[in-house]
Amino acid sequence: MRVLWLIAGSISLGLGLLGVFLPLLPTVPFVLLAAFCFARSSERLHDWMLEHPKFGPAIADWRDRGAISARGKWAATISIVASLILAVVLGFPTKFLTIQTIALAGVTLFIWTRPNG
């Protein structure tokens with residue numbers, strides 16, 4: 001089972017790192033998932049993530065208080081708005097836009113109701 005957690009953590013971390021460069025791919029949720037997986041598979045990798053200058057504070061904020069940094073909230077909101085604008089510009093059907101808007105409004109509400117990290 002530890003091997004599966006290690007693989008899942010590695011894939012999640014890889015997707016999180018891709019999210020740094022791809023604006024519509026979220027970074028923090030994948031990093032949090034990687035930390036969760038590594039906690040079950042590799043104490044060394046989990047400790048590395050917690051001590052990492054970029055990942056560590058976000059992981060600790062979420063683990064300790066369910067908090068998201070104000071910068072993270074704004075970055076997520078900008079990405080959400082950008083994805084909606086892109087869908088409109090690309091001419092997605094109204095039904096799809098409605099579903100997307102409802103889902104992303106829920107995500108935005110969740111993000112902004114978390115404490116500030």
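Which residues in helix 3 meet which residues in helix 4? On the helix 3 side they are Trp48, Met49 and Leu50, and their partners in helix 4 are Phe55, Gly56, Ile59 and Arg63. Keep in mind that this is a predicted model.

**Overall layout**

- Going along the sequence, you'll read the pattern α-α-α-α-α-α.
- Taken along the principal axes, the C-alpha atoms of the protein chain fill a box of roughly 45 × 30 × 25 Å.

**Helix 3 with helix 4**

- Helix 3 covers residues 43-51 and helix 4 covers residues 55-65.
- The two pack at an angle of about 100°, and their axes sit 5 Å apart.
- Angles of 65 to 115 degrees count as roughly perpendicular, and helix 3 and helix 4 are therefore roughly perpendicular to each other.
- Sorted by class, the residues of this contact come out as 5 nonpolar, 1 polar and 1 charged.

**Helix 1 with helix 2**

- Helix 1 and helix 2 pack at an angle of about 160°, with 8 Å between their axes.
- Anything over 145 degrees counts as roughly antiparallel, and that makes helix 1 roughly antiparallel to helix 2.
- The crossing of helix 1 past helix 2 is left-handed.
- From helix 1, the contact uses Trp5, Leu6, Ala8, Gly9, Ser10, Ser12, Leu13, Leu15 and Gly16.
- From helix 2, the contact uses Phe30, Val31, Leu33, Ala34, Phe36, Cys37 and Phe38.

**The largest pocket**

- The largest pocket has a volume of about 1,200 Å³, and 35 residues line it.
- If you want to find its centre on screen, look for Thr27, Val28, Pro29, Gly72 and Ala75, the lining residues that lie nearest to it.
- The elements giving two or more residues to the lining are helix 1 (2-21), helix 2 (28-39), helix 4, helix 5 (70-89) and helix 6 (94-112).
- Which helix gives the most to the lining of the largest pocket? That's helix 5, with 8 residues.
- By class, the lining of the largest pocket has 24 nonpolar residues, along with 7 polar and 4 charged ones.

Definitions and conventions. Residues are numbered from 1 along each chain as its sequence is written. This is a predicted model: local features need pLDDT of at least 70, side-chain atom pairs count only at pLDDT 80 or more; totals for chains, interfaces and linings use all residues. Side-chain values use heavy atoms; hydrogens and water are left out. Axes are lines fitted to C-alpha atoms, for helices over the stretch in contact, and angles run from 0 to 180 degrees between N-to-C directions. Helices (H or I, at least four residues) and strands (E, at least two) are DSSP runs, numbered from the N terminus. Angles under 35 degrees count as roughly parallel, over 145 as roughly antiparallel, 65 to 115 as roughly perpendicular and the rest as oblique. Contact means heavy atoms within 4.5 Å. Ala, Val, Leu, Ile, Met, Phe, Trp, Tyr, Cys and Pro count as nonpolar, Asp, Glu, Lys and Arg as charged, and the others, Gly among them, as polar. On a 1 Å grid over the protein atoms alone, a cavity is a set of points where a 1.4 Å probe fits but cannot get out, and a pocket is an open set with protein on both sides within 12 Å along at least five of seven lines; lining residues have an atom within 4 Å of a point. Grid points are joined across faces, edges and corners, and a volume is the space filled by probe spheres set on the points. A crossing is left-handed if the near helix is turned anticlockwise from the far one by less than a right angle, and right-handed if clockwise.
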